[in-house]
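Welcome, and thanks for taking a look. Have the sequence and the 3D view open together as you read on.

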Amino acid sequence: MCTVFRQANPNIWQPHKYQYKRHEQLKSAFHSKFDSYTDNLFVTSCTVELVDECVRNLKRGKAAGHDDLTAEHVQNSHPLLMVLLSLLFNMIIVHGMVPDDFGKCIIIPLIKNNEGNKTSSDNYRGITLSPVLSKLFEMILLNDLQNFLESDSLQFGFKKKSSCSHAILALRSVVEHYCKSGSTVTVCALDISKAYDRVDQYALLSLLMERNAPKYFVNIMHSWFEKGCTDVSSSSSSSSKW
């Protein structure tokens with residue numbers, strides 16, 4: 001998702017020349033491949049029953065996005081809303097475009113260490129608040145497209161039912177195995193903590209096509225990425241609106 005900050009200084013947050021050149025190369029390669037990209041998969045249909053199931057699975061107690069709507073609002077609404085949402089989601093799937101508001105998010109910076117340097121950006125982690133309807137639509141898509149989004153079995157972060165403790169256990173098990181056999185273990189650590197924030201959107205879209213993902217899904221994600229923007233909010237202050 002593209003993050004947009006409105007700054008007084010135009011030189012802030014400008015990408016490196018190499019990064020911009022690489023971005024344009026990936027963008028050109030994506031559009032060239034996407035124009036001729038075809039698949040033999042049926043377009044999924046969003047039924048009222050599926051919407052109702054996903055609504056019931058929405059997590060409660062989460063903060064609202066920019067529209068001030070929460071999961072509780074949707075879950076306690078009139079059943080007719082499930083029919084209307086089903087129609088909306090089917091239109092998005094058919095036309096390959098998401099509403100502009102789906103891309104609007106709020107980032108709330110949370111401090112990591114209260115005893116650390118509170119003026120350093122490295123001492124903060126951002127929590128992104130997305131519109132609840134966009135979260136619901138994500139669940140609809142994942143219902144049929146989960147197989148195209150599987151990651152490597154050796155990846156532990158950013159995965160359901162996986163955490164750092166699993167990575168530590170895997171590392172300790174490997175080290176103990178070789179130590180017991182009298183071997184020397186050499187460990188090389190690479191810090192890629194910011195990698196997920198710097199992946200080019202067109203590289204991701206091209207990867208979806210390499211995995212033979214449905215064209216309508218690639219089209220939807222392209223539209224979603226293009227409309228992504230955010231407002232940073234801290235205490236009673238916030239950045240410029242979209």
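## Overall layout

The protein's secondary structure amounts to 9 helices and 4 strands. Please keep in mind that this is a predicted model. Taken along the principal axes, the box filled by the C-alpha atoms is roughly 65 × 50 × 40 Å.

## Where α2 meets α4

Two packed helices are described by the angle between their axes and the distance between the axes. Let us apply that to helix α2, residues 48–56, and helix α4, residues 80–95. Their axes come within 8 Å and cross at roughly 110°. Angles of 65 to 115 degrees count as roughly perpendicular, and α2 and α4 are therefore roughly perpendicular to each other.

Which residues make the contact? On the α2 side they are Val48, Val51, Asp52 and Val55, while α4 brings in Met82, Val83, Leu85, Ser86 and Phe89. By class, the residues of this contact split into 7 nonpolar, 1 polar and 1 charged.

Across the whole structure, a search finds 4 salt bridges.

## A nonpolar patch on the surface

Now turn to the surface, where Val48, Leu80, Val83, Leu84 and Leu87 form a nonpolar patch. Together these residues have about 410 Å² of accessible area. Which helix supplies the largest share of the patch? That is α4, with 4 residues; Leu80, for instance, has its place in helix α4.

Methods:
Residues are numbered from 1 along each chain as its sequence is written. This is a predicted model: local features need pLDDT of at least 70, side-chain atom pairs count only at pLDDT 80 or more; totals for chains, interfaces and linings use all residues. Side-chain values use heavy atoms; hydrogens and water are left out. Axes are lines fitted to C-alpha atoms, for helices over the stretch in contact, and angles run from 0 to 180 degrees between N-to-C directions. Helices (H or I, at least four residues) and strands (E, at least two) are DSSP runs, numbered from the N terminus. Angles under 35 degrees count as roughly parallel, over 145 as roughly antiparallel, 65 to 115 as roughly perpendicular and the rest as oblique. Contact means heavy atoms within 4.5 Å. Ala, Val, Leu, Ile, Met, Phe, Trp, Tyr, Cys and Pro count as nonpolar, Asp, Glu, Lys and Arg as charged, and the others, Gly among them, as polar. Patches are made of residues with over 30% relative accessible area and no salt bridge: like charges are joined within 9 Å, nonpolar side chains (Val, Leu, Ile, Met, Phe, Trp, Tyr) within 5 Å. Accessible areas come from the Shrake-Rupley method with a 1.4 Å probe; for residues, only the protein chains shown count as cover. A salt bridge is a side-chain nitrogen of Lys or Arg within 4 Å of a carboxyl oxygen of Asp or Glu.
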